[in-house]
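Work through the exercises below with the sequence and the 3D view open. Try each task before reading its solution.

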Amino acid sequence: MVRDTDVSDVVEALGDCPLGMVEQTCVLGGPMDQAALRRFAFETMTPFFGPVQDGLTAEDLVYFNSGVVLGRREALAEAAAWALTHMARAGPDHTAGSDMVGDQDYLQHWVNVRRPGSCRRLDWSWNHCEHWDASFPDPAARILHFSGFCHGPRRSTIRRMRLARRRGTAALAAAEGKAS
């Protein structure tokens with residue numbers, strides 16, 4: 001977290017929705033744009049959870065990134081209970097083809113298929129990441145997401161996180177030779 005945030009900010013961000021996440025619309029430097037991410041979720045991950053409901057298309061999905069999830073306690077508890085039940089049924093194999101099925105996929109399915117309309121699209125500042133935000137690190141960000149794409153953080157990532165936490169996004173940008 002690089003900007004002061006309190007409960008009133010979270011309540012305002014959620015509005016009347018029980019959950020909130022930022023929509024990821026691309027992976028920088030590659031072919032994964034908004035449509036490709038939605039297709040990926042629809043074709044690869046959605047079937048992991050069972051038959052796709054009639055009429056649902058990739059265009060109906062919102063590809064939320066689970067790096068930051070805001071939510072009301074009851075909604076988070078309900079989603080977690082469903083996920084734990086599904087995980088127990090699925091057993092140890094959490095793959096769809098060559099892809100790992102993880103927390104993000106569970107949340108995708110929950111908010112897009114099981115509880116459509118339950119998740120508010122938060123603005124980018126709540127989950128700002130160098131892998132999908134060209135302006136990273138933007139000083140207006142609330143939360144910087146140092147994603148390791150399931151590979152864990154490198155030592156350099158930990159140093160960057162400490163710098164951003166202690167001195168802010170402008171210091172991080174300057175250290176990396178980027179204008180802020």
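Helices (H or I, at least four residues) and strands (E, at least two) are DSSP runs, numbered from the N terminus. The model is predicted, so local features need pLDDT of at least 70 and side-chain atom pairs count only at pLDDT 80 or more, while totals for chains, interfaces and linings use all residues. Residues are numbered from 1 along each chain as its sequence is written, and side-chain values use heavy atoms, with hydrogens and water left out.

**Exercise 1. The chain as a whole**

Task: Find how many helices and strands the chain has, and write down the order in which they come.

Solution. 
- Step 1. Counting the runs gives six helices and seven strands.
- Step 2. Reading from the N terminus, the order is α-β-α-β-α-β-β-α-β-β-β-α-α.
- Step 3. Of the 180 residues, 42% are buried (buried means under 20% relative accessible area, exposed over 50%, partly exposed in between, with a 1.4 Å probe and protein chains only).
- Step 4. Take the contacts (heavy atoms within 4.5 Å) with a separation of 6 or more: 68% of them are between residues 24 or more positions apart.

**Exercise 2. The salt bridges of Glu23**

Task: Which residues are linked with Glu23 in a network of salt bridges?

Solution. 
- Step 1. Side chains of opposite charge can pair when their charged atoms come close. The cut-off for a salt bridge is a side-chain nitrogen of Lys or Arg within 4 Å of a carboxyl oxygen of Asp or Glu.
- Step 2. The side chain of Glu23 meets that of Arg38 at 2.8 Å, N to O. Glu23 lies in strand S1 (residues 19-23) and Arg38 in helix H2, so this pair ties together parts that are 15 residues apart in sequence.
- Step 3. Glu23 also forms a salt bridge with Arg121, where the closest N and O atoms are 3.1 Å apart. Because Arg121 lies in strand S5 (residues 119-122) and Glu23 in strand S1, the pair ties together parts that are 98 residues apart in sequence.
- Step 4. Glu23 is buried at a relative accessible area of 14%, and Arg38 is buried too. Arg121, at 48%, counts as partly exposed.
- Glu23, Arg38 and Arg121 form one network of salt bridges.

**Exercise 3. The largest cavity**

Task: Which helix supplies the largest share of the lining of the largest cavity?

Solution. 
- Step 1. A cavity is a set of points on a 1 Å grid over the protein atoms alone where a 1.4 Å probe fits but cannot get out, and lining residues have an atom within 4 Å of a point.
- Step 2. Among the lining residues are Ala41, Phe49, Leu61, Asp105 and His109.
- Step 3. Helix H2 (34-45) and helix H4 (103-114) each supply at least two lining residues.
- H4 gives the largest share, five residues.

Notes: 1 Å grid on protein atoms, 1.4 Å probe; cavity = no way out; pocket = protein on both sides within 12 Å on 5 of 7 lines; lining within 4 Å.
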